[in-house]
Amino acid sequence: LGKTSVVLTAISLLALAAVGCAEDSANQYEKAGTTATDGGSPTAEAVKPIEIVIDNFTFSPAELTIAAGTKVTWVNHDDVPHTATSTAKPRSFASGTLDTDEKFSHVFTTPGTYEYFCAVHPKMTGRIIVK
Ligand SMILES: [Cu+2]
């Protein structure tokens, strides 16, 4: 009997630990989502996702420095379609056409400087520096 209750205790502890981890991840995700637009320091947490807003024919922020492994999401808040297309060839990323409120995400794993533009409006440009 004693052995059984030890095993049962171990199982419940494991279950608690798993629940705790899941809650932590969810909280971090929510926090990142609400702070991504406040312009906080992007280097504070390497894995915090970053959002670039497209509005009024502008990428904002136009230049961004991030840690390798960061996920960047572009969201189009304009009422015309835009893209986020890497300038380099071969392209390291290309969103395709983003209609209003559509999003595109890319994880930057390799350090370097990534120039990009809007294929519909080539004068719209941005730059991401991955450290
Ligand atoms: Cu555009």
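**View 1. Phe93 is a buried residue in a predicted model.** Its relative accessibility is 4%, so Phe93 counts as buried (under 20% relative accessible area, with exposed over 50% and partly exposed in between; 1.4 Å probe, protein chains only). Residues are numbered from 1 along each chain as its sequence is written. In this predicted model, local features need pLDDT of at least 70 and side-chain atom pairs count only at pLDDT 80 or more, while totals for chains, interfaces and linings use all residues; side-chain values use heavy atoms, without hydrogens and water.

**View 2. Aromatic pairs around Phe108.** The structure holds eight aromatic pairs (ring centres of Phe, Tyr or the six-membered ring of Trp within 6.5 Å; planes under 30 degrees apart are stacked, over 60 edge-to-face, the rest tilted). Phe93 and Phe108 pair edge-to-face, 5.4 Å centre to centre with 80° between the planes. Phe108 is buried at 1% relative accessible area. Phe108 also pairs edge-to-face with Tyr114, at 5.1 Å centre to centre and 70° between the planes. Tyr114 is buried, at 14%.

**View 3. The copper site.** His82 (ND1), Cys118 (SG) and His121 (ND1) coordinate the copper ion at 1.9 to 2.1 Å. Donors are N, O and S atoms within 2.8 Å of the metal (3.2 Å for Na, K and Ca); water is not among the atoms, so sites may look incomplete. The donor spacing in sequence is H-x35-C-x2-H. Cys118 is buried, with a relative accessible area of 0%.
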